Amino acid sequence: PRLFYHSLLFRHKAKMKRRALIGGLSVGVFEEGNNREDVRRFLQRINDVHLQADREAPIHIKPFDRAGAAGHRLIQSEKDIDEKLDDSNFPCLMESHLDGVEVSCEVFIHRGKIKFLNITEYVVFGYSMMAPPSPEIEKKRPQIRKACQQLIDAFQLEYGVIHPEFFLADDGRIHFGEVAFRVPGGHIYEL
């Protein structure tokens, strides 16, 4: 039964985020939402503390159990809630926006330790694409490796391949995005 419940952490984004948070990783603010009113309240709470008078801070709405960007909605205003969401979007994960460069990793784990780490940087040219890490990102390899090991420890992983995503903030902090317990997709083999 332990393995079954352990596997559910990778199939439910809110459970995944809570486990990462308990394990000491930095994550954005998140809650579970059941309807548009929950999204309105969450958007308001995020903006109440964001201290940006010139614009609303965006939030992200994601299905609990989808991979990649499937079902993801960027909400930048109250108007977006009514235009971009319908009953099929619920229940969902609501999370604050994380600024910074997004990277994904391919991590091979043996006996609870990293044996291989590849870092891929997301670059946006009107669409997202992945590229090998820039020299600036490569300099952060030790910190990214440390975050990956912290993730492995938090999820009590012994063997396998994981595909975590992190946001590298300008101030040097690394924020956990999500993790898949599988080999990566998204054209990774073309790199």
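Contact here means heavy atoms within 4.5 Å. Axes are lines fitted to C-alpha atoms, for helices over the stretch in contact, and angles run from 0 to 180 degrees between N-to-C directions. Helices (H or I, at least four residues) and strands (E, at least two) are DSSP runs, numbered from the N terminus. The model is predicted: local features need pLDDT of at least 70, side-chain atom pairs count only at pLDDT 80 or more, and totals for chains, interfaces and linings use all residues. Residues are numbered from 1 along each chain as its sequence is written, and side-chain values use heavy atoms, with hydrogens and water left out.

**View 1. An open sheet of four strands, with the order E1-E4-E2-E3 and antiparallel pairing.** E1 and E3 stand at the edges with a single partner strand each, so one side of each has no neighbour in the sheet. On average, neighbouring strands of this sheet are turned by 25° against each other, direction ignored. Two strands pair if DSSP finds at least two bridges between them. E1 and E4 pair over four bridges, and E2 and E4 also pair over four bridges. E2 is joined to E3 by three bridges, and Ile61 has Arg73 in E3 as its bridge partner. Helix H2 (residues 13–22) lies across E1, E2 and E4 and runs at about 155° to E1. H3 packs on the sheet as well, touching E1, E2, E3 and E4, and its direction makes about 15° with that of E4.

**View 2. Strand E4, covered on both faces.** Buried means under 20% relative accessible area, exposed over 50%, and partly exposed in between (1.4 Å probe, protein chains only). Five of the five residues of E4 are buried, so the strand is largely enclosed by the rest of the structure. In a regular strand the side chains alternate between the two faces of the sheet. Cys92, Met94 and Ser96 lie on one side of E4, and Leu93 and Glu95 on the other. Glu95 stands opposite Phe30 and is also the bridge partner of His60.

**View 3. Helix H3 and its two ends.** The expected span of a helix is 1.5 Å times one less than its number of residues. For the 15 residues of H3 (residues 36–50) this gives 21 Å, and the end C-alpha atoms are 21 Å apart, which agrees. Asp38, Val39, Arg40, Phe42, Leu43, Ile46 and Asn47 of H3 are buried. Their cover includes strands E1 (30–33), E2 (59–62), E3 (73–75) and E4 (92–96), together with helix H4 (78–84). Asn35 caps the N-terminal end of H3, with a side-chain oxygen 3.1 Å from the backbone nitrogen of Glu37. A polar contact is a pair of N or O atoms within 3.5 Å; within protein, one must be able to donate a hydrogen and the other to accept it, and residues adjacent in sequence count only if both atoms are side-chain atoms. After H3 comes Leu51, whose phi is positive, near 60°.

**View 4. The loop between H4 and E4, with Asn89 and Pro91.** Asn89 counts as buried at 13% relative accessibility. A polar atom of the Asn89 side chain lies 2.8 Å from the backbone nitrogen of Asp86. Not counting residues up to four places away in sequence, Asn89 touches Gly71, Arg73 and Lys84. The peptide bond from Phe90 to Pro91 is cis, with omega near -5°.

View 5. A disulfide is a pair of cysteine sulfur atoms within 2.5 Å, and the structure holds zero of them. The sulfur of Cys105 is 3.9 Å from that of Cys148, its closest cysteine sulfur, which is too far for a bond. Cys105 is buried, with a relative accessible area of 0%, and Cys148 is buried with a value of 0%.

**View 6. The hairpin of strands E8 and E9.** Six bridges join E8 (residues 159–168) to E9 in the antiparallel sense, and His163 stands opposite Ala180 in E9. Seven of the seven residues of E9 (residues 174–180) are buried, so this strand is largely enclosed by the rest of the structure. Five residues lie between the strands of the hairpin, where Gly172 takes a positive phi near 95°.
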